[in-house]
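Here's a walk through the fold, from the overall make-up down to a few single residues. Keep the viewer open as you read.

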Amino acid sequence: MFALMIASILLCSCSSDKDNGKNNDDTQPSFETVDPSQAIDLKDYVMIRSDSSSKEVKDAAVDLRMAIQKQCGFLPDLKTDFTGKGDLEIVIGKTKRGGVDGLNKAQYMIKHTEKGFLIAGGSDEATIAALKFFEENLLSPSGVLCTSDFEYKADNSVKIGDKTYDEIKIFVGFILENCSETVISSFKLLGVPASVCDDESKANIVLTADADIKVNTIPKGNWGVSAQNGILYIVGRNDYDVSSVCSYVSEYFSSNKGKFSFKDGVLKMDKNPSKEEF
C-alpha cells in the first residue's frame, strides 16, 4: 500500500504532454518538436557513454539503443569514450567529451550541435531521466523531432519551504524502516538522487511515527505532512497511517499541477480526515 501511494505522489511531478508540437506541462521549460519530415536522421550516429558509467546508466543507454531500433528500424553502435568515436555522436552522461559543467544533481540537458546530441545530467539519476525524456518526447520512426540547434534543460529539484534541494536525504523512523527503498526508488524515477541518512539533522525528508516529538503541529494519535524549516515530515502511527497521508498529498499534487513544492505549514488528517491547506 505504501509503495503505491508514495510512487503516485512522486510520479505526479514528472508527467508531461505534447500537443501540436508543444508540451503543456508548466512545471518544466517548454519545448517544440518539428514535423517528421524535418526530423534528424540517426542512421549515421554512434552512441557514446563513459567507460566508467554506472550499471544503471549502462542499462539506460542500452534501453535507448533498443528504443531506436524499435522506432527507426536499425541498431546504432554503442561504444565507450575510451575507444569509441563517430563523426556524429549521441553522447550520454559525463564523458571525456565534456559539456556537462554547471548542472546540479537534479538537472539535465539535451542539446544538438553539428557534432551530434548530448544527453546528460548532473548525476546518474538525472542522466537516466534525460534519456527517458529523449525517448518519450523526441524519438520517432522518422528520427529525432527537433531542430539542429535544439537545447532543452530541466530541473527536478525539490522545494521544501524556502529551501531547494538537488539531492534527497531521508531519515526513516524505526517502525518505517522497511519503507526506505520505496521512497528512494520513487525519487530516482524523477531524476533526483536519494539515499537513507542515519543522521536526522542532515535529512530533508523524515518519515516518523513520533508526531508529538518530531512535529509539534500534528497532535499525537493523528497523521499528516508538515514542512518546517526546510524539512518535510511524513507522520503516522504506523506504515498504514503514512500510506493514508500519501494519498492526501497525492491529491494536493494533482490540484497544484504536479509541482513537487511544499510551503511551510501543515496538511493534517485525523480519524475523520479534514485538510488544512499549507
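## The overall picture

Of the protein's 278 residues, 51% are buried, where buried means under 20% relative accessible area, exposed means over 50%, and partly exposed is in between (1.4 Å probe, protein chains only). This is a predicted model, so local features need pLDDT of at least 70 and side-chain atom pairs count only at pLDDT 80 or more, while totals for chains, interfaces and linings use all residues. Residues are numbered from 1 along each chain as its sequence is written, and side-chain values use heavy atoms, with hydrogens and water left out.

The protein has six helices and 19 strands; these are DSSP runs numbered from the N terminus (H or I, at least four residues, for helices; E, at least two, for strands). Take the contacts (heavy atoms within 4.5 Å) between residues at least 6 apart in sequence: 67% of them join residues at least 24 apart.

In soluble globular proteins, nonpolar side chains tend to be buried together. A nonpolar core here is a set of buried Ala, Val, Leu, Ile, Met, Phe, Trp, Tyr and Cys residues joined through side-chain atoms within 4.5 Å. The largest such core has 33 residues, and the members that touch the most others are Leu 42, Ile 68, Ile 90, Tyr 108, Ile 110 and Phe 117. Elements that each supply at least two residues to this core include strand E3 (45–49), helix H2 (55–72), strand E5 (88–92) and helix H3 (124–138). H3 gives the largest share, eight residues. There's also a second, separate core of 18 residues, with Val 172, Leu 190, Val 225 and Leu 232 among them.

Leaving out residues up to four places away in sequence, Tyr 108 touches several residues, including Leu 103, Ala 126, Ala 129, Ala 130, Phe 133 and Tyr 152.

| Helix | Length | First to last C-alpha | Expected span |
|---|---|---|---|
| H2 | 18 residues | 25 Å | 26 Å |
| H3 | 15 residues | 20 Å | 21 Å |

Which residues of H2 are buried? They are Val 57, Ala 60, Ala 61, Leu 64, Ala 67, Ile 68 and Cys 72. Viewed down the axis of H2, the buried residues fall within an arc of 120 degrees (using the directions from the helix axis to the C-beta atoms), so they line one face of the helix. An α-helix has 3.6 residues a turn, so residues three or four places apart point the same way. On the other side of H2, Lys 55 and Lys 70 are exposed.

H3 has 11 of its 15 residues buried, so the helix is largely enclosed by the rest of the structure. Among those buried residues are Glu 125, Thr 127 and Asn 137, along with Ala 126, Ile 128 and Phe 133.

## A few residues worth a look

Ser 50 sits in the loop between E3 and H2 and is buried, at 9% relative accessible area. The side chains of Ser 50 and Ser 52 make a polar contact of 3.0 Å. (That term covers a pair of N or O atoms within 3.5 Å; within protein, one must be able to donate a hydrogen and the other to accept it, and residues adjacent in sequence count only if both atoms are side-chain atoms.) Setting aside neighbours within four places in sequence, Ser 50 is in contact with Thr 80, Asp 81, Ile 92, Lys 94 and Thr 95.

Ile 168 belongs to strand E13 (residues 168–172) and is buried, at 0% relative accessibility. Its contacts beyond four places in sequence include Val 158, Phe 187, Val 192 and Ile 205.

Finally, Asn 229 is in the loop between strand E16 (223–228) and strand E17 (231–235). Asn 229 has a positive phi of about 55 degrees although it is not a glycine, and it counts as exposed at 66% relative accessibility. Ala 227, in strand E16, is buried at 3%.

Methods:
Expected span 1.5 Å × (residues − 1).
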